[in-house]
Amino acid sequence: LWLKADRGIDFSIPTKQVSAWADQSGNNNDFSQSTSSAQPYRYGYDGANDKAYINFNLNNKIYSNSASTLDADFTIFTVAKTNQPVAAVNLEPYFTYYTTTREKFFIGGKGSKTQVYLEDGNSHFATIKGNLNDTTDYNIIRVDLNGSTGVVNMQRNNDSIISNTISGWDGVEFDTTVFGVGVYDEGNQVSYLKGNIEEVIVFNRVLTSNEIKDIQGYLNTKYRIY
């Protein structure tokens with residue numbers, strides 16, 4: 001999956017409201033939002049390095065058109081920021097997946113710190129948090145999961161990697177429901193992003209260290225974040 005704020009966007013020029021966001025990976029994992037009041041906004045400049053961005057506010061959200069086909073292994077990159085003050089304690093969802101049987105992941109922020117949360121269907125989980133009040137700046141966040149071992153790695157920009165091993169991890173696949181951008185919908189509680197998304201890249205495997213450096217290099221050359 002590859003979502004870019006500078007390509008594949010169907011939006012109204014007068015209102016800037018986004019109705020569709022096309023997957024640039026060639027796998028047709030497109031996103032859409034038909035409800036006008038829930039549509040995010042596309043701006044062609046003034047993001048990181050003056051690039052385009054998608055703005056989410058209030059109840060803006062966009063979902064994949066079809067269920068994920070993501071296996072138990074993945075590597076996910078997001079380029080995003082929140083517009084919340086440092087003192088805020090809200091969940092700030094960038095890219096998410098949730099099912100009622102509890103297989104889920106959350107990539108975003110909470111309390112102005114980068115946060116990643118994963119859980120399998122038997123309540124084995126991990127929460128990884130950044131150490132800084134960093135989410136009000138644009139960040140490149142990389143998360144990977146080894147679905148066999150339950151090892152999760154998170155890295156913000158070129159910071160040290162934070163790693164966690166999920167005890168008892170079941171090796172679940174994330175392939176029964178849709179992805180969300182700008183929203184984390186737990187059914188009885190919904191959290192929305194107040195912030196900007198510039199890019200999301202998803203691989204259905206754990207990348208090698210050289211591959212990770214290549215993607216981080218591409219993103220940082222484009223957005224000049226660190």
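User: Which strand does β6 pair with, and in what sense?
Analyst: Strand β6 (residues 53-56) pairs with β19 in the antiparallel sense, over three bridges. Two strands pair if DSSP finds at least two bridges between them. Strands (E, at least two residues) and helices (H or I, at least four) are DSSP runs, numbered from the N terminus. The model is predicted: local features need pLDDT of at least 70, side-chain atom pairs count only at pLDDT 80 or more, and totals for chains, interfaces and linings use all residues. Residues are numbered from 1 along each chain as its sequence is written, and side-chain values use heavy atoms, with hydrogens and water left out.

User: What is the bridge partner of N55 in β19?
Analyst: N55 has N196 as its bridge partner there.

User: And how many bridges link β8 to β19?
Analyst: Eight bridges join β8 (residues 74-82) to β19, also antiparallel. T75 stands opposite F203 of β19.

User: Is β19 mostly covered or uncovered?
Analyst: Mostly covered: of the nine residues in β19 (residues 195-203), eight are buried. Buried means under 20% relative accessible area, exposed over 50%, and partly exposed in between (1.4 Å probe, protein chains only).

User: Changing topic, where is I215?
Analyst: I215 lies in helix α1 (residues 209-223). I215 counts as buried because its relative accessibility is 17%.

User: Which residues is I215 in contact with, leaving aside neighbours within four places in sequence?
Analyst: The contacts of I215 are F77, I201, F203 and L207, where contact means heavy atoms within 4.5 Å. In β19, I201 is the bridge partner of W2.
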